[in-house]
Amino acid sequence: MNIKDKVLEKLIRNKGKPVSGERIASELSVSRSAVWKHIKILRDEGFMIESSTNLGYSLRDTPDTLSPGEIKAGLETSFIGKDIKYFKETESTNILARGMANSVEEGTVVIAESQTGGRGRLGRKWISPEGGIWLSIILKPKMQPQYASRITLLAGVCVAKTIRGFGLPVKIKWPNDVLINGKKVCGILTEIGAEVDMIDYLIVGIGIDANVDTESFPEEIRDSSTSLKKETGKEINRVDFVKKLLEEFESLYLKFQKEGFPKILEEWRNMSATIGEWVKISTQTRTIYGEAIGVDNEGALILETSDGQLEKIVAGNCEHLRRT
Ligand code: BTN
């Protein structure tokens, strides 16, 4: 953590109460003028910090941004989100994450307030205005590339559990669209850098329509999308959400490494909106209709077609069909 984030962390821990500049300086082993310099930067970033000559600095209010200092204050993880790279605007956090993956620690998170070229699955665009949560987690799992989709499913479970913690009913549409009342609130794009038989890095890109007005989305996705703000009727605290998300992610990722995929798959199945549904799957080469009867140990969807054949779908677009 840099000095500015450490100063902020101390103010957040004592929110509303004054902390003396002398105490901050001595605890961080820096000069009082260095503390003052960082207080000024934080104020420029929108943090409301009062100062009084005798008592010190007290934090009154925080800006509505995903500031790394705020996210890291009290974050209960050991490696996910220990390093957060923050951008006001970028083309795509996944692109940035790929570029830095080889030179940063596992668990580094890239986060942006908005994306100008957000990327979705199957080459689609991902609309990413301010108010949403657009982040990518850099992982370095020791596993073969064909198992990467296990982590995609894990990420879906993670987002779904985090949203459920905010009191909303949530389901997952295969492979990892998170739905509230049948409408999409989150999408996940996993990308890997790999040798033939070993993953170098894996990027989990998570996009959540948090405090976003989906009414302003293009017509073709407007009716099928929703936001946390719309579902709860109020703006959610995005910093709290990201903290919970990162904590949940680390806990599931460690469970996956210790106990393997079956436990994660069981959680995925329990939240699945797809199993038991009639679906239309479109892949690059064909369209298949059938009943979704399960997901296998690699995260592939198992379909039973109308002529009783079993089909295994590794990747594709999944549409739930209305039964007639
Ligand atoms: C989907 O099509 O459902 C996946 C959408 C993934 C969007 C996220 S937002 C953060 C990260 N950066 C990107 O460019 N895409 C992912």
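Me: In which hand does α6 pass α10 in this predicted model, left or right?
Reply: The model is predicted. Helix α6 spans residues 148-164, and helix α10 spans residues 262-270. The crossing of α6 past α10 is left-handed.

Me: Are α6 and α10 parallel, perpendicular or oblique to each other?
Reply: Their axes come within 9 Å and cross at roughly 55°. Angles of 65 to 115 degrees count as roughly perpendicular, and those under 35 degrees as roughly parallel. The two helices, α6 and α10, are therefore oblique.

Me: How many charged residues does the contact of α6 with α10 have?
Reply: From α6 come L153, L154, V157 and K161, which meet I264, L265, E267 and W268 in α10. By class, six are nonpolar and none is polar. The number of charged residues is two.

Me: Which residue has a backbone N or O atom 2.7 Å from an oxygen atom of the ligand?
Reply: Around the ligand are 19 residues, and S92, Q115, R119, R121 and K184 come nearest. S92 uses a polar side-chain atom, 2.8 Å from a ligand oxygen atom. The backbone atom at 2.7 Å from a ligand oxygen belongs to R119.

Me: Is the peptide bond from W174 to P175 cis or trans?
Reply: P175 sits in the loop between β6 (171-173) and β7 (177-180). Most peptide bonds are trans. From W174 to P175, omega is near -5°, and the bond is cis.

Me: What is phi of S29 near?
Reply: S29 lies in the loop between α2 (21-28) and α3 (32-44). Most residues other than glycine have a negative phi. S29 has a positive phi, near 55°.

Conventions:
Residues numbered from 1 in each chain as written. Predicted model: local features only at pLDDT ≥ 70, side-chain atom pairs only at ≥ 80, totals over all residues. Heavy atoms only, no water. Axes fitted to C-alpha atoms, helices over the stretch in contact; angles between N-to-C directions. Helix = DSSP H or I, 4+ residues; strand = E, 2+ residues; numbered from the N terminus. Parallel < 35°, antiparallel > 145°, perpendicular 65-115°, else oblique. Left-handed = near helix turned anticlockwise from the far one by under 90°. Contact = heavy atoms within 4.5 Å. Nonpolar A, V, L, I, M, F, W, Y, C, P; charged D, E, K, R; others polar. Near = heavy atom within 4 Å. Polar contact = N/O pair within 3.5 Å; in protein donor to acceptor, adjacent residues only side chain to side chain.
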